[in-house]
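Thanks for coming. I will take a few minutes on one protein, and I will keep to what can be read from the coordinates.

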Amino acid sequence: MPLYEAHESNSDVDEVSVLPQLNTDAAKDAFAIKFDKLNLSETDVPSDSPPSSPINASHDCAEEPQSPKTALPEDPFESAASKVLFEAIDKLQSCNARRYMNNIPQLVIVGGQSVGKSSLLQSLTGIPFAVGSTLCTRFATRIVSRRSEPGSQTVIRISISPPEFAVPGIELADPEVYKRFDEIHGSITSDDFANIIDMVSETYLGIRPGSGNIHKNFAAEVLKIEISGPTRAYFSILDIPGVFENSERVKKSEASGVKNMVAEYMRQEDNIVICVADANTDLANQAICEIARDRATSDRLVGVFTKCDRVENTDAVVHTVVSAPKGGQFSKHGWFVVRNKKGLDDDVVDFDLVSEEDQLFSSKAWDEIPSSRKGTTALKKYLGHILSERIRSAFPSIIRQAQLLQRDAVRELTSLGSERKTVSEQRSFLATIARNYEAKATEALMQPWCITSPESRVRSIVKATNESFGAKMRAYGHTYCFDNNMESFDDMIRKLQNEMYPDESVDLTESIERPEVLMPADDEFSEVLSTEDLFDKIAEEVATFSSATLPGMVHPDIIPQLYRLQTQKWRQIAEEHVRNISDAITTATCHLIQSVCPRGNDASILNAEISEIISKMHRQTLSRTLEALHDYCDGNQSQLLQTADPTFLERLQKLQKVRLINAFNRGSVLFREATAARASSLQAACELFAQCHPSAAANTSNDVHDTLKVYYESSLELFVGHVTNTIVEKFLNDKNGSLCGFSFDYIFKLDDSTITKLGQESKAVVEQRESLRVRIQTLELAEETAREAWAKAASLS
């Protein structure tokens with residue numbers, strides 16, 4: 001029986017204009033513009049509305065008609081132009097364009113478990129779907145019907161298409177397996193169809209019914225059934241698994257997956273959703289209606305009441321159908337009532353569903369419902385009209401979306417960079433990264449102001465760290481505090497000058513002020529013994545060494561011994577400094593690597609590999625640097641005390657002069673007091689001598705202190721300078737180090753196997769690249785198909 005039966009017009013039939021006629025000139029003008037796939041403009045694609053037509057091209061065009069004068073066309077796809085567009089939509093679906101595009105119109109039938117959906121599909125398509133089976137719909141099924149040439153044979157082709165989108169909770173089948181399924185039949189009985197469904201389920205989609213982890217009850221793939229014959233009509237509909245609650249025979253993840261699948265099909269903005277409801281059950285208790293209301297707009301919903309022959313009280317159903325065109329909130333397209341074919345109907349000879357529906361709905365109980373809303377024939381006619389209008393209005397946006405999605409996919413593919421299949425391509429890729437890293441590292445060392453990230457400005461960080469190291473060495477580098485209470489020699493000379501020549505007094509505030517460096521008190525090296533402790537230690541050492549010398553003599557090993565004691569922190573502080581520099585370099589290199597090889601996609605693995613290479617270089621360089629530092633510190637502790645400082649003697653003499661002048665000052669006071677007391681000149685002179693030379697031990701301690709202090713200060717600056725200017729700089733500029741080691745030369749010297757390991761693309765990126773190519777090819781085909789169909793439809797109008 002043809003899909004569209006002849007239907008008599010009557011006063012109850014809704015008014016709708018005939019199929020819109022494409023404006024040929026407008027369509028040709030739209031396609032006369034040459035377009036660039038990657039550079040879009042407003043003129044690149046047709047307008048959102050189809051060429052001039054008596055019917056509004058918006059999605060609301062299929063609302064319940066208001067005028068009763070004109071009936072719906074018997075077959076909205078009767079015109080050649082409509083057939084071209086229908087075939088183009090089918091081609092778009094066949095090439096899996098719906099996986100990337102959401103504006104390809106289709107009819108989608110949804111319903112709860114056991115609401116009569118399969119029976120309704122059988123009536124709409126002529127396919128012998130199993131009726132009454134529990135959970136029989138385990139995967140989506142697309143039925144495409146088309147009319148062939150008169151006298152041709154009916155052909156039924158059955159194949160499996162990939163999923164239109166990912167469905168969480170539902171295991172995917174192996175495409176290499178299901179793509180092999182492709183059968184052609186001349187006719188199919190209900191038994192044949194049941195056998196085909198079982199074979200597809202088990203052999204090609206891997207369905208294994210049950211509730212355990214090893215079982216699989218549903219598939220995301222789509223079974224496609226194409227029927228062509230001389231008595232068929234153009235029609236397409238997608239059946240998806242029904243929503244069910246509390247089924248113990250499936251896994252919970254699959255139950256959730258089915259709901260997600262149904263919800264996603266409803267969400268897609270160009271899907272017309274046929275919501276099937278059991279007329280015997282209150283709509284409020286049917287979950288599918290709530291899901292549809294939440295996921296689809298009312299202009300995309302068509303309601304169908306099934307099992308109307310079993311309704312005891314028709315008032316609620318009639319009220320819902322009649323009130324829908326007057327402002328029903330569920331669907332702008334309203335509701336239909338149909339009678340399902342039951343199992344017992346197969347036993348009736350010459351059973352005719354149309355006649356049974358006419359007989360049922362002609363009774364008084366259904367009188368209030370217009371004939372255009374009663375029966376499968378009216379429903380098919382209305383659905384065909386909606387599908388036709390949706391298809392016609394969708395083509396401009398299909399072309400535009402195909403272009404935009406192509407552009408995005410090309411950009412994403414470009415962002416992956418060139419393919420790296422050969423060693424040469426991989427080496428070139430790595431060499432480019434190495435050159436960029438070299439340039440960034442050079443800037444970090446020589447031109448830190450050119451670096452955006454503060455953490456990567458190595459030279460600035462090293463300078464600040466060196467200054468902190470110098471300050472710490474001067475504040476806490478010594479074990480004992482020196483005697484710093486004495487005035488400086490220059491200050492003392494100025495004071496004496498003021499006393500002797502008051503008329504030529506000098507401002508003492510002009511003396512050089514040394515800036516005080518504040519160091520953290522909780523530093524691990526901040527503990528320094530007092531000056532008194534130092535003089536006690538000097539006295540102890542003098543007493544120990546004096547046993548091998550004449551009284552009043554300074555043993556030559558005293559000062560080296562005290563010097564080693566006074567500088568014993570240097571190694572630890574310097575090592576801490578080098579490690580601080582090391583940490584700063586590690587942080588900087590991480591930022592530099594990120595700038596030339598950012599994480600993300602394939603680069604995440606490469607970033608980690610390069611980071612490990614540079615980290616290894618860094619560890620080796622740090623080891624060499626610390627070894628050099630330790631050697632220098634050991635030498636500083638063990639070598640003879642020597643200096644080439646030309647100011648050494650001058651500074652030592654100044655200290656001695658200051659000490660002598662202080663002694664004279666104290667002696668002068670005592671001398672005047674002795675003279676005033678009429679002491680002898682000899683007694684006064686002895687008091688003066690006692691201040692200048694209190695004892696041999698005291699003089700020796702003072703001489704040792706002063707010599708140690710001057711030499712320590714001189715050595716300290718040399719030590720700080722050597723650490724910062726030699727050891728740290730060698731660390732920074734080591735050709736095999738973390739900043740300079742990862743270079744073009746390094747890449748050039750690597751063997752092919754290492755290059756391949758570093759430079760090859762990851763499996764994920766290879767798959768992503770191939771996926772993008774397939775997407776681009778699919779979208780190109782979709783755009784070409786849509787453009788050609790739109791232009792051909794225009795020429796046929």
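**Salt bridges, a loop glycine and a cavity**

I begin with one aspartate: D734 is buried, at a relative accessible area of 18%. Bear in mind throughout that this is a predicted model. The cut-off for buried is under 20% relative accessible area, so 18% puts D734 on the buried side.

What does the side chain of D734 meet? It forms a salt bridge with the side chain of R624, at 3.1 Å from N to O. The two partners come from distant parts of the chain, 110 residues apart: R624 belongs to helix α17, residues 603-638, while D734 sits in the loop between α20 (696-733) and α21 (744-749). R624 has 37% relative accessibility, so it counts as partly exposed.

Is G737 buried or exposed? Its relative accessibility is 1%, so G737 counts as buried. Setting aside neighbours within four places in sequence, G737 is in contact with M617, T621 and F742. For M617, the C-alpha to C-alpha distance to G737 is 5.2 Å, although the two are 120 residues apart in sequence.

Now the next pair. R651 makes a salt bridge with E713, and the closest N and O atoms are 3.6 Å apart. This pair, too, links distant parts of the chain, with R651 in helix α18 (residues 648-676) and E713 in helix α20, 62 residues apart. R651 is partly exposed at a relative accessible area of 25%, and E713 is partly exposed at 34%.

How accessible are the partners? E761 has a relative accessible area of 12% and is buried. R769, at 4% relative accessibility, counts as buried as well.

Across the whole structure, the search finds 33 salt bridges. Some of the charged residues form a network: E87, D90, R146, K224 and E226 are linked by salt bridges.

Two helices, α2 (80-94) and α10 (376-415), each supply at least two of the lining residues. Helix α2 gives the most, with four. The count of cavities of 30 Å³ or more is four.

Last, the protein as a whole. There are 797 residues, and 47% of them are buried. The secondary structure comes to 23 helices and nine strands. Among contacts with a separation of 6 or more, 83% are between residues 24 or more positions apart. The accessible surface is about 39,400 Å², and carbon and sulfur atoms account for 51% of that area.

To go back to where I started: D734 is a buried aspartate, and its salt bridge partner is R624. That is everything I have.

Technical notes:
Residues numbered from 1 in each chain as written. Predicted model: local features only at pLDDT ≥ 70, side-chain atom pairs only at ≥ 80, totals over all residues. Heavy atoms only, no water. 1 Å grid on protein atoms, 1.4 Å probe; cavity = no way out; pocket = protein on both sides within 12 Å on 5 of 7 lines; lining within 4 Å. Points joined across faces, edges and corners; volume = space filled by probe spheres on them. Buried < 20%, exposed > 50% of the residue type's maximum accessible area, 1.4 Å probe, protein only. Contact = heavy atoms within 4.5 Å. Areas by Shrake-Rupley, 256 points an atom, 1.4 Å probe, with all protein chains shown as cover. Salt bridge = Lys/Arg side-chain N within 4 Å of Asp/Glu carboxyl O.
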